[in-house]
Amino acid sequence: MGNTTTKHIAVIGSGFSGLAAACTLAQKGFKVTVLEKNEKAGGRGRSFSAEGFVFDMGPSWYWMPEVMEEFFQSFGKSTADYYTLKRLDPGYRVFLKDEQLDVSAEMHKIQSLFEGIEPGAGKALAKFMDEAKEKYTAGMGKFVRKPAHSFTEFAELDLLKALFKIQLFSDMRSHLRSHFKSPLLLQLLEFPVLFLGAKPSKTPALYSLMNYADLELGTWYPMGGMAKVPEAMLELAQSLGVQVITNQNVTGFEFEDNEISAVKTQNQTYIVDGVIASADYHHVEQTLLPKKYRQYDEAYWEKRTMSPSSLLFYVGLNEKVPGLEHHNLFFENSFDVHAQEIYDHPQWPSNPLFYLCCPSKTDKTVAPENGENMFFLIPVAPGLQSTDELREHYWNLMCNAVQRRTGTDIRNHVVYKRSFAHEEFQSEYNSFKGNAYGLANTLMQTAFLKPKMKSKQLKNLYYAGQLTVPGPGMPPGIISGQLAAEELSQQLN
Ligand SMILES: Cc1cc2nc3c(=O)[nH]c(=O)nc-3n(C[C@H](O)[C@H](O)[C@H](O)COP(=O)(O)OP(=O)(O)OC[C@H]3O[C@@H](n4cnc5c(N)ncnc54)[C@H](O)[C@@H]3O)c2cc1C
């Protein structure tokens, strides 16, 4: 191996975690090559264009803006050097059985909304948010940037105290019910947990920090689309000398003395000193590594609780649809039944809740003039299969709901439509069970209980991304890449 400046690191995958790791390592003087199987960088966060529309393929909620800001600032840049952020107001619209609510960007208005639904809930929200803020500050400050190799990292007294304060050991369902009674408000506050992870009863109360991120820190949007974020990270990476090579499907490795000495793709061999595997952890372990270098077996993975997969539709319309906001949650049906059909008895949902993103309400550049850009998402259990007929069934369910609530039958205005579910998550990202956003944030899968970032068998291999710490989402993905890069760089120096 050469000296630090000449050491070569391969990063597998160009999602948020891979690009964050690549930038961090390049800044430290390593030679970095990112190998991406798809034609375009950005992973789940990239976009595609069709018929004059630009569709973001995955994330649409830009939360925790300070994480992205701090990332770019650590390179002497700012998000403003790459894209313009807009805070959405209302943050989102919720369609309930008999009414609709707009969640304002202003806390006093949200408090009035709560008070109107349940007397006393406005005050209760203020108390709930104070606690959520404490968790956010402790969680994002002290915990999220721990590589979580073992519990001992958390064993300092002040951290232990904070651990109890942030309620890592009690659950979100009971926590919410200790503040609110109205089923409507409970559903509103449980939505980030259901959409991003597991059943509220299995999720640590720590995750009320998500409510703080949602209601207090706000929902933002990068003009041009969410894909502006990975595009900015790619530009930064390239300016730091990182080579990003697309259409490079990593197929295996060469080994020497319990280290990876080379990474192989379908047509190339890259000699390396270290590897960050930011592709789906399960795929790297179970498909790319020989058995003796795996730290988990198939039985371990089978026991993991995955976040939901999703049935998605990317749809372009030749007409505007009044009555919708940028983010729309269709919560007309039973939350509990849908959650059971995702987590307890995995099956296609009978009467699903769904989410409809309509970024053309904010951004003219993502749809042709007078057109509407739509992204539909139904959270569904991982590991299912679908047919075209089944997908059409859900498409029609959602169109009926949109027609009921807005008066427009969008089926008459479709100029582009593409669906995406488990099968595509597997073929596009090598995703375990077709998961959309990784491992669920359950109590038994938090911090040091997640699949480990550091390989025990191979000294120069670190994992990053949504199946390891800190977890799924764009901000955690970025942090994960930074953490893995720090750890590998210490190992190599
Ligand atoms: C539908 C959907 C909606 C979401 N909504 C939000 C949201 O609103 N807000 C939010 O913050 N987060 C959201 N998320 C979660 C967020 O997008 C992900 O957690 C994040 O993008 C994961 O980044 P990553 O780097 O871990 O993985 P990925 O983005 O999956 O990157 C891994 C990369 O590895 C590549 N790869 C796989 N196998 C190989 C191989 N053998 N060789 C080479 N390359 C390989 C893949 O092609 C991919 O590009 C959403 C995700 C989805 C799918």
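The buried residues of helix 1 are Phe16, Ser17, Gly18, Leu19, Ala20, Ala21, Ala22, Cys23, Thr24, Leu25 and Ala26. A residue is taken as buried if 20 or more other C-beta atoms lie within 10 Å of its own, as exposed if 12 or fewer do, and as partly exposed in between, with C-beta atoms placed from the backbone. The structure is a predicted model, in which local features need pLDDT of at least 70 and side-chain atom pairs count only at pLDDT 80 or more, whereas totals for chains, interfaces and linings use all residues. Residues are numbered from 1 along each chain as its sequence is written.

Helices (H or I, at least four residues) and strands (E, at least two) are DSSP runs numbered from the N terminus. Helix 1 is mostly covered, with 11 of its 12 residues buried. From first to last C-alpha helix 1 reaches 17 Å, close to the 16 Å expected at 1.5 Å a residue; the expected span is 1.5 Å times one less than the number of residues. Its buried residues pack against strand 1 (8–12), strand 2 (31–35), helix 2 (65–73), helix 9 (228–239), strand 13 (274–277) and helix 15. Contact between two residues requires C-beta atoms, placed from the backbone, within 7 Å. Just after helix 1, glycine 29 takes a positive phi of about 100 degrees.

Helix 1 also provides the largest share of the shell around the ligand, 3 residues. In total, 38 residues surround the ligand, and the closest are Gly13, Gly15, Gly43, Ala279 and Gly465; a residue is near a molecule or strand if its C-beta atom, placed from the backbone, lies within 6 Å of it. At least two shell residues each come from helix 1 (16–27), strand 14 (309–317) and helix 15 (474–492). By class, the shell has 14 nonpolar, 20 polar and 4 charged residues. Ala, Val, Leu, Ile, Met, Phe, Trp, Tyr, Cys and Pro count as nonpolar, Asp, Glu, Lys and Arg as charged, and the others, Gly among them, as polar.

The chain contains 15 helices and 19 strands. Its radius of gyration is 22 Å, close to the 23 Å that the globule rule gives for 493 residues, so the chain is as compact as a globular protein of that length. The radius is taken over C-alpha atoms, and the rule is 2.2 Å times the number of residues to the power 0.38. Of the 493 residues, 51% count as buried. Among contacts with a separation of 6 or more, 73% are between residues 24 or more positions apart.

An automatic or database assignment gives the domain bounds: domain 1 (4–44 + 225–303 + 440–492) and domain 2 (110–215). The domain centres, taken over C-alpha atoms, are separated by 30 Å. Contacts link 18 residues of domain 1 with 17 residues of domain 2. The side of domain 1 that touches domain 2 has 10 nonpolar, 4 polar and 4 charged residues.

Two peptide bonds are described here. The bond from aspartate 89 to proline 90 is cis, with omega near 5 degrees, and proline 90 lies in the loop between strand 5 (85–87) and strand 6 (92–95). The bond from valine 469 to proline 470 is likewise cis, with omega near -5 degrees; proline 470 is in the loop between strand 19 (461–463) and helix 15.
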